Structures are given as C-alpha cells and as structure tokens.
Amino acid sequence: MIGEQKTPRETATASASGTASATASTKLPDAWAHTPLTVVMPTYNEAGNLPGMVELLMGLDLPGLRLLIVDDSSPDGTGQIAEDLAEGHLAEDGTPRMSVLHRTTKDGLGRAYAAGMAKAVEDGARYVLQMDADGSHPSGKIAEMLGVAMSTGAGLVVGSRYVPGGTLSDAWGAHRKLLSRWANAYASTILGTRVRDITGGFNMWSAEALRAIDLASVGSAGYSFQVEMKFKALRRDFQVMEVPIHFEDRTIGESKMNLAVQLESIAMPWKLRARAGKR
C-alpha cells in the first residue's frame, strides 16, 4: 500500500521538496536562459486576461521561452486574440515565439494541458511549464524554477503555495484557504507523498519526465490532473523540488471549477492508490 512504505526515491524527494530559495529577479546564465522552455497555457473565455499575460511572458529575460496557448473554442474570441498576439512576437531568427493549439472539444483542463504538453515536447521543448491564464501564477518566478530544474536535475519543479515563503492572496477568505490546505493534506495522505502543494497547477516539467509519464495514460480530466501527474512522476523515481510562490486571485473572468471537477478531485487519489497497490 502506498501509505505504508515509501520507496527510497520518494523519501529523498520528500526531503528535497522544501524551499529552494532565490529571488524573483533571478538572472540565469546565458546558456540556461536560452534553454528551450515552452509555457503551456490553456484558455477558455480569457480574452480579458490574455494580452497582459502574453506581454509579461514575452518580456522575461528568457530568449528560449515559447508560449503555447491551448484554446477550447472560447466563445469570447480568446483563440483569435491569441492568433493576433502571436503575429507580433517573433524570435531573432524570425520564428514564432507564440503559437495556438485550437481544440474543438471542451473536455476539461487536464485534457487541455495534456494536449499542449505533448505538442510542446514533440516540438522540441526541453522543459514545459504549466501556467494559468488568469494571472494567479507569478511569471517572475519562471527563471528561478528553470534554474532549480537545471541545477538539481529535478524532473519536476513545483511553484508551491505551502512551503516556507509561499503565500496566498489576501482576497482568499479563511474558509477558502482552509479548504485548499485540506485538499492538499487529503491527497498527500492518501497517496503517501510529502509534496506540500500536490494540487498546485504552476509546475515545470522536464521533457524526460513527461515522456516517462506518458501523457496519453493520464486519466484525469479536471484539476485532479495536477495530483495524478505528480504521483506518476514520483512513482517513476523523478526528483521533485518546490519553490515558494505568491498565489494571486483572478481579477477578471470566472473560475472553471464545478461540482463534477470537485467530485473527480475527491475520488482520484483513491483510484491512484488502488492502481498502484495492484501493481
């Protein structure tokens, strides 16, 4: 059973997944800054948020960074806005720094991430970053996360709300903060891991880890995708590091969380534990 005994790597990962300290203005060596890194950003009705997010990302001192928007046929025209923005962002060699993957079926955040991450690896990304379009994830932490990944060889670096130095938006009430912490403790306890922000969605993956996980095998459609992916990485012996972030609340648009997504998130840790126990 997963909760009864950790593998040697899981133990090492747990002790390593504390705070990896650096400033938000991390300056990487030139060779590291040019590392092929693709930010995968799913969108659905994010027309009000996307232009600002694109400017923030394209303004980072990371020449190797590319942005892949995965749009699920947003009724508000987010997909076309993304296409228009992409035309204005080219690398020094004239190649696009931004592209758009249009999906015709809205079947969940997890499916959108899986499609985008698979394309990013196929197109040559060495690292892939999951990032929301609503402004909740701090773009200023991306260079630090890339630096931690490259300096430690970790397969996954988590932008964590729950390691020392991590904080939540003041807009979150006490009930919402308590619920978020409970969700993390719930999933981590069932799965027997010490990743402190196992439900977090600001994650940097090595291409090697994504290939080993096999994105096509991931069953989660909603937010439980975050838990399933981390658990699969640990089961495949990849090191996980966590760096502290400030998680901001969205100011434009509406959350995509619904009852079906919540129920999937409750059930998924038990399903993963049962499958692992059978193996």
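In this predicted model, the second largest pocket holds about 210 Å³ of space. Its lining is made up of 16 residues. Thr38, Arg66, Ser99, Ala120 and Asp123 are the ones that lie nearest the centre of this pocket. The largest share comes from β2, which supplies three residues. By residue type, the lining of the second largest pocket divides into eight nonpolar, four polar and four charged residues.

The strands β1, β2 and β3 also belong to an open sheet of seven strands. The order across this sheet is β3-β2-β1-β4-β7-β5-β8, and the pairing is mixed. The edges are taken by β3 and β8 (240-244). Each of these two has a single partner strand, so one side of each is left without a neighbour in the sheet. Neighbouring strands are turned against each other by 20° on average, direction ignored.

Strand β5 (residues 156-160) and strand β7 (residues 203-206) run antiparallel and are joined by three bridges. Here Val157 stands opposite Met204 of β7.

Helices lie across the strands as well. Helix α3 (residues 50-58) lies across β1, β2 and β3. Its direction makes an angle of about 160° with β2. Helix α9 (residues 224-235) lies across another set of strands: β4 (127-130), β5, β7 and β8. Helix α9 runs at about 40° to β7.

Technical notes:
Residues numbered from 1 in each chain as written. Predicted model: local features only at pLDDT ≥ 70, side-chain atom pairs only at ≥ 80, totals over all residues. Heavy atoms only, no water. 1 Å grid on protein atoms, 1.4 Å probe; cavity = no way out; pocket = protein on both sides within 12 Å on 5 of 7 lines; lining within 4 Å. Points joined across faces, edges and corners; volume = space filled by probe spheres on them. Helix = DSSP H or I, 4+ residues; strand = E, 2+ residues; numbered from the N terminus. Nonpolar A, V, L, I, M, F, W, Y, C, P; charged D, E, K, R; others polar. Pairing = 2+ DSSP bridges. Axes fitted to C-alpha atoms, helices over the stretch in contact; angles between N-to-C directions. Contact = heavy atoms within 4.5 Å.
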